[in-house]
Amino acid sequence: REPVTCCSSDQPGRKTVQSHTSSGPTMNVLRSSFLTACLLLATLHLTGAQVPVVTVTNSGDVEVFRAATVNLNCSFVSTVSLDVFSVNWYKLNEDGTPGVAFLTYIDGTGVRNSTARLSELGLTGRVSFLPDLTSITIQETARPDTGTFRCEVNPIYPAGGVIASVDTNLTVIVLPQVTISQLPLTAYVQEDATLTCQSNSFPASTYNWSRVDGAALPGGATFFVGYELIIPVAVSSDAGEYQCTADNGYGTDTGTYLLTLHERTTPKSVAQTSKPETTKTGGVDGTPKPQASDNTGLVIGLVLGLLAAVVLAGGVIYYCRTKGSGSSKKADKTKEQSAGSQSRHADMEAGTGRPESWEAPKPRNDSPKKRTGVFDTTDVIGPGDDDLDYTKQDLHPPGPDGKNGVNEKRNLDGYV
């Protein structure tokens, strides 16, 4: 314990020195303030003025587990009774500035708060004054609540006092909660396999890897930033259950993961040989970049396209052959018709007036009269036999075979 002296006067014009003995950590914090107050009191006593001197204290820095309720204590003393004063609470920004007070109590007026500042700090509905109207309580603490809070007391009346304050550091502890992931999602023998252990703890955790069966870690296995276990060129015996333990000094958590290794049935493509880059979580970003896909889909597409081309080409060839055969038949038919027409024309020019295959109609047996060498009047409509003029009618007389002549200028089909 150390003595602290303060100047005082028992009688006008006479100075005395009065000693006070203090103990405990509170006095260590306030020692310099009391010295200043003593000097001010001596000055004020000599002059007769009453100017308040305020001293603010707290109970030290505070640590609390996430989701718990925490009280931030604040108290003050004044050299004179304060008729009006205010208590303001701030949370310091990252640059150390206090910003706007999120909670204020004015003696004789009541409590006020800054809705905008409470929303900015994420404290809306979770912070309030305790019954002493100087200390505050925060409910359902979260990791973003970690920071420095300031309690400020302003002696409004009597006037002339100096604003005093005290800072409290709040730490919200987040216990580890382990999750393990694998990259790539399907691991193969003779390829690298990576297991990642994540824990959003605060303070940050340290990590330890082991095998559940107690066996040693695979040869060449390395830790990357502690939480990533890399197994290079894995073999079948590396398959099994692995365990990760996270510890942040306030608690631990353990997770397990079953690593399965597969035999690759097809050669690994060039796109798969490069290991994808990853980023980490748990204080470090961690989202793997997408892996390059294999060429199976491309090969299937090329095969289907080739088959479609073959089918289309076969259809075109079949169509062309069918059309060519029909045209050939039509040409042969046209050729035959043309040859027949030329034959008939040749017969006409030869003077026979009929084709070689033509036969004259046979005489009727029932003809009423028949004379050799002349037309039967019952067979041909026209003048009598004796009146026929072969030169005028352009007819040939009956031939030696007894058949009628033929009119070359008439259609052969007109005779019966």
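These legends walk through several close-ups of one predicted protein model.

Residues are numbered from 1 along each chain as its sequence is written. Because the model is predicted, local features need pLDDT of at least 70 and side-chain atom pairs count only at pLDDT 80 or more, while totals for chains, interfaces and linings use all residues; side-chain values use heavy atoms, with hydrogens and water left out.

**View 1. Confidence along the chain.** Let's start with pLDDT, the predictor's confidence in each residue, from 0 to 100. The protein has a mean of 74, and 58% of its residues reach 70 or more. Confidence is lowest in strand 2 (residues 14-21), with a mean of 32, and highest in strand 11 (residues 136-138), at 98. Strands here are DSSP runs of E, at least two residues long, numbered from the N terminus. Over residues 270-293 the pLDDT is below 50, and this stretch has 35 contacts in the model beyond near neighbours in sequence (a contact means heavy atoms within 4.5 Å).

**View 2. The disulfide of Cys-74 and Cys-151.** A disulfide is a pair of cysteine sulfur atoms within 2.5 Å, and by this rule the count comes to 2. In this one, the sulfur atoms of Cys-74 and Cys-151 lie 2.0 Å apart. The torsion about their S-S bond is about -70°, so the disulfide is left-handed. Cys-74 belongs to the loop between strand 5 (70-72) and strand 6 (75-78), and Cys-151 to strand 12, 77 residues apart.

**View 3. The disulfide of Cys-197 and Cys-244.** Here the sulfur atoms of Cys-197 and Cys-244 are 2.1 Å apart. This link is left-handed, with -90° about the S-S bond. It joins distant parts of the chain: strand 16 (residues 193-198) holds Cys-197 and strand 20 (residues 240-247) holds Cys-244. Cys-197 and Cys-244 are buried.

**View 4. Aromatic rings that pair up.** Rings of Phe, Tyr and Trp (its six-membered ring) pair if their centres lie within 6.5 Å; planes under 30 degrees apart count as stacked, over 60 as edge-to-face and the rest as tilted. The structure holds 5 such pairs. Phe-102 and Phe-149 have ring centres 6.2 Å apart and planes at 90°, so this pair is edge-to-face. Both residues are buried. Elsewhere, ring pairs link Phe-76, Phe-85, Tyr-105 and Phe-129 into a cluster.

Definitions and conventions: Helix = DSSP H or I, 4+ residues; strand = E, 2+ residues; numbered from the N terminus. Buried < 20%, exposed > 50% of the residue type's maximum accessible area, 1.4 Å probe, protein only.
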